[in-house]
Amino acid sequence: MVADVINWIQEEETLDGRLQRITTFLENEGYFLPSPKNVDRSEQGDTHFMYGQSLTVEYTVVDQGGRKVYHYHEIGVDHIMLRRIRRDEEWTLEHISSIPRILRRGKLILDELDKVIYQSRRTYMSPTGERYSLRVIIRRSWQGIWYVATFHPRPARR
Amino acid sequence: MGRRLDLWFDSFENTFDLLLTDRPKEPTANDDANYDFLLYFIRSLKTGEVVGFSNEGGNLATDYERLMGLLEDTPIPGLFDVPELGLRDATLDEIITAIYCRFVLGESAVEYPTAEERERPLPTMAEEPNNFE
């Protein structure tokens with residue numbers, strides 16, 4: 001079932017086509033994909049080359065550590081959204097617009113030279129009623145650019 | 001025979017997900033373990049049962065040696081089959097090593113020894129605890 005959905009999404013050759021199919025899938029499941037607010041889109045559309053791939057800037061956020069963090073369109077769609085769907089965690093994607101807020105006001109969990117982990121201060125409810133928080137992991141590329149690497153749920157401590 | 005894990009590898013940042021194929025369809029999430037945020041247990045939110053493993057947010061190319069050291073200090077019990085890697089009855093560190101060799105080092109022609117031939121680097125517990133913490 002999940003494999004069928006993933007295959008259907010990946011049949012689309014363009015990134016925007018895949019995003020459209022993800023949006024359709026989420027809407028059919030009863031979820032929506034809101035856009036983040038209060039972000040800097042002045043560099044939107046610029047491209048950076050990283051890990052052998054051209055990445056398109058969607059927005060930037062200055063995190064609580066003063067780092068300028070890039071959110072790339074390709075990572076958001078092909079690596080974060082598809083991973084969540086592949087793991088039956090599509091219910092978290094409705095909160096993907098919370099990434100900037102978590103970067104600015106979340107709890108600092110790990111602060112390493114090239115990796116920082118933030119966690120949402122609020123908790124959310126899963127479709128079956130369990131509470132979870134959200135984590136955002138940012139990484140620094142070898143070029144020195146900080147970017148959103150992933151966004152995932154974590155069980156809330158009872 | 002070990003429990004079967006499905007492997008998904010993301011070559012963009014060298015990350016993997018290993019998910020039990022017989023897991024129930026329930027919401028899951030990454031839970032911290034004692035592995036310095038280099039390895040997560042994927043837990044069912046409903047039952048707390050571990051249904052997989054992931055190094056999401058990491059990079060196996062740079063984290064491999066540190067992760068192996070952590071797994072040596074705190075082994076994860078259990079034997080697993082990973083058909084994509086041709087592994088049967090493998091410990092998690094063996095599986096991660098196979099992923100590293102195959103996908104990071106690109107040693108596609110590596111032949112893994114059969115379970116009988118392999119010398120197990122880690123002892124496995126007679127009974128697997130339900131709670132990995």
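Me: In E7(A), what is the bridge partner of Val116(A)?
Reply: Ile138(A) is the bridge partner of Val116(A) in E7(A). Strands are DSSP runs of E with at least two residues, helices are runs of H or I with at least four, and both are numbered from the N terminus.

Me: Before going on, what kind of model is this, and how is everything labelled?
Reply: It is a predicted model, in which local features need pLDDT of at least 70 and side-chain atom pairs count only at pLDDT 80 or more, while totals for chains, interfaces and linings use all residues. Residues are numbered from 1 along each chain as its sequence is written, with chains lettered from A and ligands numbered from 1 in the order in which they are written.

Me: Back to Val116(A). What does it bridge to besides E7(A)?
Reply: Val116(A), in E5(A), is also the bridge partner of Asp111(A).

Me: How many bridges are there between E5(A) and E4(A), and how many between E5(A) and E7(A)?
Reply: E4(A), residues 107–111, pairs antiparallel with E5(A) over 4 bridges. E5(A) and E7(A), the latter at residues 131–140, are antiparallel too, joined by 5 bridges. Pairing here takes at least two DSSP bridges between the strands.

Me: Is E5(A) mostly covered or mostly open?
Reply: Mostly covered: 4 of the 5 residues in E5(A), 115–119, are buried. Buried means 20 or more other C-beta atoms within 10 Å of the residue's own, exposed means 12 or fewer, and partly exposed is in between; C-beta atoms are placed from the backbone.

Me: What does Ile138(A) touch, ignoring neighbours within four places in sequence?
Reply: Ile138(A) is in contact with Val69(A), Val116(A), Trp146(A), Tyr147(A), Val148(A) and Ala149(A). Contact means C-beta atoms, placed from the backbone, within 7 Å.

Me: Where does Ile138(A) stand in the largest nonpolar core?
Reply: That core has 59 residues, and Ile138(A) is among those that touch the most other members, along with Val136(A), Val148(A), Ile95(B) and Ile99(B). H2(B) supplies its largest share, 6 residues. A nonpolar core is a set of buried Ala, Val, Leu, Ile, Met, Phe, Trp, Tyr and Cys residues joined through C-beta atoms within 7 Å.

Me: Which residues of H2(B) are buried?
Reply: Leu92(B), Glu94(B), Ile95(B), Ile96(B), Thr97(B), Ala98(B), Ile99(B) and Tyr100(B). Their cover includes E1(B), E2(B), E5(B), H1(B), E6(B) and E7(B).

Me: How does H2(B) run relative to E7(B)?
Reply: At about 150 degrees, with H2(B) lying across E1, E2, E5, E6 and E7 of chain B. Angles run from 0 to 180 degrees between N-to-C directions, with axes fitted to C-alpha atoms, for helices over the stretch in contact.

Me: What span should H2(B) have, and what does it have?
Reply: The 13 residues, 92–104, should span 18 Å at 1.5 Å a residue, and the end C-alpha atoms are 17 Å apart, which agrees. The expected span is 1.5 Å times one less than the number of residues.

Me: What is the strand order in the chain B sheet?
Reply: E3-E4-E5-E2-E1-E6-E7, an open sheet of 7 strands with mixed pairing. E3(B) and E7(B) are at the edges with a single partner strand each, so one side of each has no neighbour in the sheet. The average twist from one strand to the next is 30 degrees.

Me: In which sense do E1(B) and E6(B) pair?
Reply: Parallel, over 2 bridges. Arg3(B) has Phe80(B) as its bridge partner in E6(B).

Me: Now the interface. How many residues of each chain are in contact?
Reply: 18 from chain B and 22 from chain A. On the chain B side, E1(B) and E3(B) are the elements giving two or more residues, and E3(B) gives the most, with 4. That side has 6 nonpolar, 3 polar and 9 charged residues. Nonpolar covers Ala, Val, Leu, Ile, Met, Phe, Trp, Tyr, Cys and Pro, charged covers Asp, Glu, Lys and Arg, and the others, Gly among them, are polar.

Me: Last one: how do H1(A) and H2(A) cross?
Reply: Their axes come within 8 Å and cross at roughly 145 degrees. H1(A) contributes Val5(A), Trp8(A), Ile9(A) and Gln10(A) to the contact, and H2(A) contributes Arg18(A), Arg21(A), Ile22(A) and Phe25(A).

How values were computed. Contact = placed C-beta atoms within 7 Å.
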